[in-house]
Amino acid sequence: MIAEALESGELTGRDFGRETVLGLDFTDQTCRETEFHGARFTACDFTGTAFYGCTFDRCAFQECQFPRSWWKDCRLQDCKAEGTDFRKARFKDCALTENRLRYGNFFGAQWERCTLTACDFTEATLQETVFKKTALEKTDFTGASLFRAMLTGMDFSRCTLDKIILSASCQELKGAKINTQQAAIVAKILGIEVTP
């Protein structure tokens, strides 16, 4: 049981199946080499929690908080964390695949050497987020706020950028790679009319 493991401080090297967890406080805990399969977390606080080599498969997070959390060598597959608070979280060498992160708050978060595949960041807050050497594939940023995000060197050409929020100069995309259709979206933000 996750609650018992938290109470005993044994969150390392465990394998948890389908559990429903409500209102637990994981603040500043460290979790290593642990796997969660089909777990459901509601109103749990993971502020400052560090995850090393952990796997989350088909898990759901509702009304949870992950501000200032640390993720290293983690795998998140087919998880749902819509509207979840990830402010100033740090992700390093992580792989996220088919996760629903709509409306999430990633203000000031950092992504380094990560892979984001088929993830949904629709209308998420990614203001002042830093992306470094991170690969993006078929990820949806529709309506997301990328205001003052650091995106230099990022390849968004295989992602969806419809209705994204940028600064008036679109400086966030300086040094980033986009496709022709996306360039038309940016031109519209800049007030440029593109004719066929």
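This section describes the sheet, core, terminal helix segment and selected side-chain contacts of a predicted model. Residues are numbered from 1 along each chain as its sequence is written, and side-chain values use heavy atoms, without hydrogens or water. Because the model is predicted, local features require pLDDT of at least 70 and side-chain atom pairs count only at pLDDT 80 or more, whereas totals for chains, interfaces and linings use all residues.

Helices (H or I, at least four residues) and strands (E, at least two) are DSSP runs numbered from the N terminus. An open sheet is formed by 7 strands in the order 1-4-7-10-12-14-16, with parallel pairing; two strands pair if DSSP finds at least two bridges between them. Its edges are strand 1 (15–16) and strand 16, each of which pairs on one side only. Within the sheet, strand 4 (residues 35–37) and strand 7 (residues 55–57) are paired in the parallel sense over 3 bridges. In this pairing, F36 stands opposite F56 in strand 7.

F56 also belongs to the residues with the most contacts inside the largest nonpolar core, which has 57 residues. A nonpolar core is a set of buried Ala, Val, Leu, Ile, Met, Phe, Trp, Tyr and Cys residues joined through side-chain atoms within 4.5 Å. Here, buried means under 20% relative accessible area, exposed means over 50%, and partly exposed lies in between (1.4 Å probe, protein chains only). Contact is defined as heavy atoms within 4.5 Å. Leaving aside neighbours within four places in sequence, the contacts of F56 include F36, F51, F61 and W71.

E19, between strand 1 and strand 2 (20–22), is buried at a relative accessible area of 13%. The side chain of E19 reaches the backbone nitrogen of I2 at 3.0 Å. S145 lies in the loop between strand 16 (135–137) and helix 2 (180–189), and counts as buried at 7% relative accessibility. The side chains of S145 and Q127 are joined by a polar contact of 3.2 Å. A polar contact is a pair of N or O atoms within 3.5 Å; within protein, one must be able to donate a hydrogen and the other to accept it, and residues adjacent in sequence count only if both atoms are side-chain atoms.

In helix 2, the buried residues are Q182, V186 and A187. Viewed down the helix axis, these buried residues fall within an arc of 150°, so they line one face of helix 2; the arc is that of the directions from the helix axis to the C-beta atoms. The face turned away from the buried side carries the exposed residues T180, Q181 and K188. N179 caps the N-terminal end of helix 2, with a side-chain oxygen 3.1 Å from the backbone nitrogen of Q181.

In the whole structure, 13 salt bridges were found, each being a side-chain nitrogen of Lys or Arg within 4 Å of a carboxyl oxygen of Asp or Glu. R102 forms a salt bridge with D120, the closest N and O atoms being 3.3 Å apart. Since R102 lies in the loop between strand 12 and strand 13, and D120 in the loop between strand 14 (115–117) and strand 15 (130–132), the pair ties together parts that are 18 residues apart in sequence. R102 also forms a salt bridge with E82, at 3.8 Å between the closest N and O atoms.
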